[in-house]
Amino acid sequence: MNSLRLGSYTFSSRLILGTGKFSSASAMIEAVRASGTQLVTVALRRFNREQLEDDLFGPLSEIEGLTLMPNTSGAATAREAVKAARISRELSGSPFIKVEIHPNPHHLMPDPIETWEACKILAAEGFIVMPYIPADPVLAKRLEEVGCSSVMPLGSAIGSGQGLSTAEMVKLIIRESNIPVIVDAGLRSPSEACAAMEMGCEAVLVNSAVAVARDPAAMASAFAKAVEAGFEARNAGLMPRSGAAVATSLLTSFLGAAS
Amino acid sequence: MSSLPAWLTDERLSADIEPLLRQMDDESLERLAAEAQAVTLRRFGRIISLYAPLYLSNFCSSGCVYCGFASDRTSPRRKLDVGEIEKELMAMKALGIGDVLLLTGERTAAVGFDYLRRAVEIAARHMPRVVVEAFPMSVAEYRGLAECGCTGITIYQETYDPENYRELHRWGPKQDFLERLETPERAITGGIRSVGIGALLGLSEPVGEALAVLRHARHLCRTYWKAGVSVSFPRIRPQEGGFQPNFTVSDRFLARMIFAFRVGMADVDLVLSTRESSTFRDGMAGLGITRMSIASRTTVGGYVEADATSASQFEVCDDRSAEAFCAALRAKNFDPVFKNWDAAYNNPLAAEESA
């Protein structure tokens with residue numbers, strides 16, 4: 001009940017961290033440790049077997065109890081993402097793949113059509129498939145049908161810090177989903193992560209908000225607490241929002257007295 | 001001259017940024033810097049992507065008055081052979097470089113498309129990202145390069161002022177203003193994933209040039225939604241031939257231009273090379289600039305030979321070693337990134353879908 005299930009894996013932490021954009025590999029590692037996260041995503045493009053100083057994979061793989069989820073950031077098509085996923089699995093030994101397909105290299109919005117294609121192939125190949133998607137409830141169900149282990153709708157554009165601007169759509173996705181829904185991208189503050197958890201997300205993925213904070217490790221820790229608080233609050237049963245005011249003449253008076 | 005494209009003079013494409021470029025006061029410059037920093041930090045984080053140039057050849061058929069490779073310069077001509085290219089790449093790899101810019105002069109009998117394609121093939125075996133800064137090519141030729149692993153091209157218009165362009169390019173294939181202007185579009189149509197553009201600052205009136213580059217970049221982003229667009233800010237440097245620029249581009253104006261571009265185009269890469277001083281480069285890291293060159297040798301064979309004898313295209317200003325430059329970036333709390341791409345993605349863009 002209290003652990004996050006993704007494929008055959010379980011995690012007690014519900015915060016997933018992205019590893020790009022940090023001022024150094026050591027700042028990133030400190031943030032990862034401070035967050036208590038058990039699952040991090042790392043881009044294949046930042047695997048550097050030639051120059052270990054530049055490599056993110058090496059230092060991450062040394063942290064005990066941490067599962068790596070490679071991502072396909074850079075892929076513009078399903079074909080590229082599938083190729084990148086296979087290479088990533090070889091390099092990392094991890095069955096997780098975060099499918100990120102953004103044909104426009106500027107705004108980095110995910111391509112729903114290519115994403116669906118890639119997920120169908122990768123799920124059939126036994127990957128634990130975690131697609132980064134626009135907050136589209138129909139696409140989310142289509143991805144569940146082809147065997148994804150979660151869906152990761154965006155809160156707002158990557159690196160925009162605009163928070164949960166897609167909240168209404170995310171709620172719809174959560175209401176209909178049989179797989180974990182994880183908000184990915186756009187969050188700026190721990191309170192937004194908390195709100196996502198209260199709303200019913202099973203986890204939250206954060207990168208920029210931690211990486212560019214003045215003190216990334218402290219911010220990572222703050223996000224971890226917020227995610228936990230949101231999850232706890234949801235399980236504790238949130239007080240109902242106050243409904244419509246009760247009219248003085250009762251709307252149901254025509255029903256007569258109960259017999 | 002055949003007709004110029006509409007975007008070149010379409011003021012609506014640059015109206016939001018023009019006032020920022022025309023301000024002169026320090027207070028507005030500081031405000032703009034703060035905004036540029038915030039936008040850069042959100043979208044790109046605390047990393048600076050690095051690349052290094054590799055000069056393949058200084059043969060050239062053109063007569064650009066401002067260039068040390070122009071065909072009337074007396075310096076010896078040279079091109080790297082296959083073995084030498086391989087050696088240079090190995091030397092670059094030893095420095096940790098994973099992103100190379102291959103350069104030549106304008107097309108000649110000695111250095112043409114076949115030579116360049118071979119060089120791209122070799123480079124793509126060693127580097128995940130291979131960008132070409134050479135001569136304008138046809139769609140079919142760009143397709144050929146993309147299939148060999150070329151991920152991007154850089155092509156500077158030099159100046160967007162057609163009259164001035166004619167005077168500065170005294171002879172050779174580069175005299176065709178329009179052919180050069182349309183080169184990025186041919187490259188994208190041929191499947192090249194990213195194009196870098198820019199004006200050689202100092203050739204024409206700086207505000208006008210900045211606005212033209214901005215319109216060009218926005219036109220490309222709008223028309224080719226899958227292509228990556230980046231903008232460079234080369235300023236004329238002393239070179240063999242001794243050309244004196246027509247316009248002075250001050251540090252303050254160049255900084256203002258870069259800030260304004262970042263505010264106007266939040267998510268394109270903005271590039272600064274070793275043409276600029278170490279002080280300027282260190283200062284601009286993260287204030288809009290997201291890509292920088294390192295360990296730049298602007299002579300042919302410059303990585304393997306400590307003292308290459310051929311003339312350089314221009315004098316490098318920031319001549320720090322890769323290590324020293326990276327140390328300076330780290331001291332400013334930025335991560336110098338040598339590899340920010342993967343060969344898994346080196347496929348030509350689907351041209352029919354891009355246009």
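Mentor: Happy to! Let us start with A:Ala195, which counts as buried because it has 21 C-beta neighbours inside 10 Å, and 20 or more are enough for that label. Please keep in mind as we go that this is a predicted model.

Where does this residue belong? A:Ala195 lies in helix 7 of chain A, the helix made of residues 190-199. If we set aside the neighbours within four places in sequence, A:Ala195 is in contact with A:Leu164 and A:Gly230.

Two packed helices are described by the angle between their axes and the distance between the axes. Helix 3 (residues 78-92) and helix 4 (residues 112-124) of chain A have axes that come within 8 Å and cross at roughly 35°. The crossing of helix 3 of chain A with helix 4 of chain A is right-handed. On the helix 3 side of chain A, the residues that meet helix 4 are A:Ala78, A:Ala81, A:Val82 and A:Ala85, and their partners in helix 4 of chain A are A:Glu114, A:Glu117, A:Ala118, A:Ile121 and A:Leu122. Sorted by class, this contact between helix 3 and helix 4 of chain A has 7 nonpolar and 2 charged residues, with no polar ones.

Helix 3 of chain A also leads us to the other chain. The contact between the chains takes 31 residues from chain A and 28 residues from chain B. On the side of chain A that touches chain B, helix 3 of chain A gives the largest share, 4 residues. That side of chain A divides into 10 nonpolar, 13 polar and 8 charged residues.

Finally, step over into chain B. The largest nonpolar core has 105 residues, and B:Val100 and B:Leu102 touch the most other members. Not counting residues up to four places away in sequence, B:Val100 touches several residues, among them B:Tyr51, B:Met92 and B:Val130. B:Val130 also stands opposite B:Val100 in strand 3 of chain B. Strand 2 (residues 99-103) and strand 3 of chain B run parallel and are joined by 5 bridges. Strand 3 of chain B, residues 129-133, is mostly covered, with 4 of its 5 residues buried.

Methods:
Residues are numbered from 1 along each chain as its sequence is written. Chains are lettered from A and ligands numbered from 1 in the order in which they are written. This is a predicted model: local features need pLDDT of at least 70, side-chain atom pairs count only at pLDDT 80 or more; totals for chains, interfaces and linings use all residues. Axes are lines fitted to C-alpha atoms, for helices over the stretch in contact, and angles run from 0 to 180 degrees between N-to-C directions. Helices (H or I, at least four residues) and strands (E, at least two) are DSSP runs, numbered from the N terminus. A crossing is left-handed if the near helix is turned anticlockwise from the far one by less than a right angle, and right-handed if clockwise. Two residues are in contact if their C-beta atoms, placed from the backbone, lie within 7 Å. Ala, Val, Leu, Ile, Met, Phe, Trp, Tyr, Cys and Pro count as nonpolar, Asp, Glu, Lys and Arg as charged, and the others, Gly among them, as polar. A nonpolar core is a set of buried Ala, Val, Leu, Ile, Met, Phe, Trp, Tyr and Cys residues joined through C-beta atoms within 7 Å. A residue is buried if 20 or more other C-beta atoms lie within 10 Å of its own, exposed if 12 or fewer, and partly exposed in between; C-beta atoms are placed from the backbone. Two strands pair if DSSP finds at least two bridges between them.
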